[in-house]
Amino acid sequence: MVRKLRIISIALFVSFNISYSQDEEDLLSILESENKAETFNLPSFKAMKIGNLQSTKVADKGDLYLYVSHRFGTLENAGSTFFGFDNANTKIQIIYAIFNGVQVGISRESLRRTFASSVKVRLKNQTAQFPVNISFYSTVNLNTDLSKERYPKLKYFDRLSYASQLLISRRLNVDFSLLLAPTFVRQNLVLEAFQNHEQFALGMGGRHKLSKRLSVNVDYVYNFSRAEQSIYKNPLTIGIDIETGGHVFQLLFSNAQSTNEPGFISNAEGNWSQGDIFFGFNIVRSF
């Protein structure tokens, strides 16, 4: 009887150790897969914009987004414009993903009464085998503020401006992401007589996550084609992202009041060194 009990005990002990070993291997494999997912599969940026500059994030099929972008007037004239409240610019945009990784958008910006359409395509995701995320973005803007009373020879196509960007980002670790954006802008009617109609620029941006729902974002665009005597500057935007479930709030400061690519890349009117900057926000709602 005692011998039988010993045999049963030994059998149970061996069985338990085999089971524990298997469970431990399963747990390790789950943790390893989660770590890989955290490192590579999560998006570099929570929102489709870093601040003003586009990010590599693209909506999935059937996703619908509402973007409300608001820029108050310059803080330089705070006393006369009530901290910019009197000269605000608002843009409302709807984005819909018609296919997985392919989204289209339409918008209306009050500055220059601009209508815009856009398309954004996800080309490649960062993985363990591929080092970066790649997306392509293109937009067409229609300036309806131009009138034949002011410009008698104005033609319809003079109202149009375009921008195309190749967006390349990398999530370096769980908290930090970087982006480069080679950019081409075409303005059929420039705001300065000596300015080039076709302009080449390079956008740069980054995101540093402070907590699960909070991050600091910065983006900057250098316009290689800007004339030396131009009154406009290269746009620099600094802000924070606050994520609250289905919403992302982006609070930011920028020297560009326009939120459309041809507008802020070519015609950023503010100057950081003189305090000529615009406070604003983006509100993103997904449905």
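**Confidence**

I began with residues 30–40, where pLDDT stays under 50 and the model has 10 contacts beyond four places in sequence. This is a predicted model, and I kept that in mind for the rest of the entries. For residues 1–28 pLDDT also stays under 50, and there I found zero contacts beyond four places in sequence. Over the protein chain the average pLDDT is 85, and 82% of the residues score at least 70.

**Aromatic pairs**

I searched the whole structure for aromatic pairs and got six. One of them joins Tyr222 and Phe224 in an edge-to-face arrangement. I noted 5.0 Å centre to centre and 75 degrees between the planes; the label edge-to-face applies because the angle is over 60 degrees.

Are the two residues of this pair buried or exposed? Tyr222 has 37% relative accessibility and counts as partly exposed. Phe224 is exposed, at 53%, so it passes the 50% cut-off.

I also followed a cluster in which ring pairs link Phe72, Phe253, Phe279 and Phe281.

**Phe253**

From that cluster I picked Phe253, which I located in strand E11, residues 247–254. Its relative accessible area is 35%, so I logged Phe253 as partly exposed. Which residues does Phe253 contact, leaving aside neighbours within four places in sequence? I listed Leu75, Leu236, Thr237, Ile238, Trp272, Ile277, Phe278 and Phe279. I checked Ile240 too: it is 13 residues from Phe253 along the chain, and their C-alpha atoms are separated by 9.5 Å.

**Charges over rings**

I looked up two arginines. The charged end of Arg108 sits over the ring of Phe115, at 5.1 Å from the ring centre. For Arg285 the ring is that of Phe287, and the charged end is 5.5 Å from its centre.

**Nonpolar cores**

The largest nonpolar core has 15 residues. Inside this core, the residues with the most contacts are Leu53, Leu179, Val221 and Ile265. Two or more residues each come from strand E6 (160–171), strand E7 (176–187) and helix H3 (261–266). E7 gives the most, with three residues.

I then took Val221 by itself. Not counting residues up to four places away in sequence, Val221 touches Leu53, Ala201, Leu202, Gly203, Asn234, Pro235, Phe264 and Ile265. Leu53 and Ile265 are on the list of core residues with the most contacts as well.

How values were computed:
Residues numbered from 1 in each chain as written. Predicted model: local features only at pLDDT ≥ 70, side-chain atom pairs only at ≥ 80, totals over all residues. Heavy atoms only, no water. Phe/Tyr/Trp six-rings, centres within 6.5 Å; stacked < 30°, edge-to-face > 60°. Buried < 20%, exposed > 50% of the residue type's maximum accessible area, 1.4 Å probe, protein only. Lys NZ or Arg CZ within 6 Å of the ring centre and 35° of its normal. pLDDT = per-residue confidence, 0-100. Contact = heavy atoms within 4.5 Å. Helix = DSSP H or I, 4+ residues; strand = E, 2+ residues; numbered from the N terminus. Core = buried A, V, L, I, M, F, W, Y, C linked by side-chain atoms within 4.5 Å.
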